[in-house]
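Here is a brisk report on one protein model and its ligands. Read it with the structure open.

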Amino acid sequence: MSRPQNITILGSTGTIGVNTLDVIARHPGRFRAYALTANSRIEPLLEQCRQFRPVYAVVLDADAAAILSRQLRQQGLETEVLCGAEALERVAAASEVDAVMAAIVGAAGLRPALAAARAGKRVMLANKETLVMSGSLFMEAVREGGATLLPIDSEHNAIFQVMPTQFGHGLERVGVSKILLTASGGPFRKASAQELAEVTPRQALNHPNWVMGPKITVDSATLMNKGLEVIEAHWLFGADPGLIEVVIHPQSVIHSMVQYIDGSVLAQLGNPDMRTPIAYALGYPERIESGVGMLDLFKIARLDFEAPDTARFPCLGLAFEVLRRGGTAPAVLNAANEVAVEAFLQEKIRFTDIPRLIEAALEQVSIVDVQVLADVVGADEAARAAAKSWLERKA
Ligand code: NAD
Ligand code: MG
């Protein structure tokens, strides 16, 4: 391609967004930021506009958008400001766009990711909630839109790297016997059930290996993140739940593995830095520099593995359960989890209440088949309402 590739970054001010811009800045002739988007914090977005000169900046909030627009003009910058959720879909699907980094957190990322898939873009998917909520619809949109789907989640990116390219024909046909999804185990890997009940948000936000946004950091501490990733792996690789095994690997150096019927296990290793999967997806099928330091095996010295404990970390078991149940069950789990994480961060509930609240929502909301997006949206809303009434009863 002679011109630089136009990249839309949905959620450019988040951890993944910032890392994506870091990689893009290393390859100025190759990539160009076409649209950058943020929820409401405009200071970092303004700074990004100054550095990357995107065609569009999208802000969800109308007042914030007006302020940003004024500031851009005062500084003589030509970036056009759009506002609202529909504008996210517009910059995800615009004809000039080559690739979309889907890095909004939570259910809010679903519609723009779908729009990018339908428009046949190269979709670099960080927002795992999209696949958890609506895996069947999203994969269908990818197929029908002719999109190229590249996983950004480090585990799925690792699996993608060591998977035969024809995996879409079925894992058995390509000789895969198991996906070994690694997990750091989070900050409370060794905590007793008693200690888990007393965990504070501050402790939960202190991840041993990765720097990430608050929601996914709490999810990592409850192991819900791994649960969401099991569901994500199911959709990305067409893997039955029985083919996915979670392996606790505290060093986070092996990012996941694929086991084959001949006994081979292929792994992808690297320093825990999201710029590696981001650069992989941006450059694919070529390899490009990411800014990540080389792995020093002598310094790492050892790699440990253990089985997960679903008694202390029930969220992982719940995720397997909803995946087996199918339909809107994963969407209910996802929405209830978002409400629960928020309530925990606001110190309204205990860490150990998170799985309780999710279980309560799963009992209360009726699960239906997913035919259209409205089924998913309905389940999401019903689960949020159920979760909120559980919180009110508890208060
Ligand atoms: P973050 O909280 O750091 O950033 C979230 C971004 O989304 C911000 O730019 C924010 O402005 C935007 N946003 C939030 N709510 C929004 C809304 N309602 N509408 C529009 N935009 C909104 O999160 P993150 O850690 O960068 O994670 C982003 C996604 O990537 C999540 O789905 C997460 O699970 C996934 N992911 C992150 C990592 C990581 O290392 N951070 C790794 C794997 C997967
Ligand atoms: Mg991950």
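## A buried asparagine

N157 is buried, with a relative accessible area of 2%. Buried means under 20% relative accessible area, exposed means over 50%, and partly exposed is in between (1.4 Å probe, protein chains only). N157 belongs to helix α7, residues 154–162. Helices here are DSSP runs of H or I with at least four residues, and strands are runs of E with at least two, numbered from the N terminus. The C-alpha atoms of N157 and S256 are 8.6 Å apart, although 99 residues separate the two along the chain.

## Ground rules

This is a predicted model, in which local features need pLDDT of at least 70 and side-chain atom pairs count only at pLDDT 80 or more, while totals for chains, interfaces and linings use all residues. Residues are numbered from 1 along each chain as its sequence is written, chains are lettered from A and ligands numbered from 1 in the order in which they are written, and side-chain values use heavy atoms, with hydrogens and water left out.

## Ligand 1 and its shell

Ligand 1 has 24 residues around it. A residue counts as near if one of its heavy atoms lies within 4 Å of the molecule. T13, T15, N39, E129 and G213 come nearest. By class, the shell holds 13 nonpolar, eight polar and three charged residues. Nonpolar covers Ala, Val, Leu, Ile, Met, Phe, Trp, Tyr, Cys and Pro; charged covers Asp, Glu, Lys and Arg; the others, Gly among them, are polar. Domain 1 (5–151) and domain 2 (154–270 + 305–324) both give residues to this shell, so ligand 1 lies between them. The domain bounds come from an automatic or database assignment.

Oxygen atoms of ligand 1 lie close to polar protein atoms. One is 2.7 Å from a polar side-chain atom of E129. A polar backbone atom of I16 is 2.9 Å from a ligand oxygen, and for a polar backbone atom of G11 the distance is 3.3 Å. The protein covers 88% of the 820 Å² of accessible area that ligand 1 has on its own. These areas come from the Shrake-Rupley method with a 1.4 Å probe. Helices α1 (15–25), α6 (128–145) and α10 (214–222) each give two or more residues to the shell.

## The magnesium ion

Which residues coordinate the magnesium ion (ligand 2)? They are D153 (OD), E155 (OE) and E229 (OE), at 2.1 to 2.2 Å. Donors are N, O and S atoms within 2.8 Å of the metal (3.2 Å for Na, K and Ca); water is not among the atoms, so sites may look incomplete. Along the chain the donors follow the spacing D-x1-E-x73-E. D153 is buried at 8% relative accessibility, and E155 is buried at 8% too.

## A buried aspartate

D353 sits in helix α16, residues 353–364. It is buried, at 3% relative accessibility. Its side chain makes a polar contact with the side chain of K394, at 3.3 Å. A polar contact is a pair of N or O atoms within 3.5 Å; within protein, one must be able to donate a hydrogen and the other to accept it, and residues adjacent in sequence count only if both atoms are side-chain atoms.

Most residues other than glycine have a negative phi, and most peptide bonds are trans. The peptide bond from Y284 to P285 is cis, with omega near 5 degrees. A301 has a positive phi of about 65 degrees and is exposed at 66%. E347 has a positive phi near 60 degrees and is exposed at 64%.
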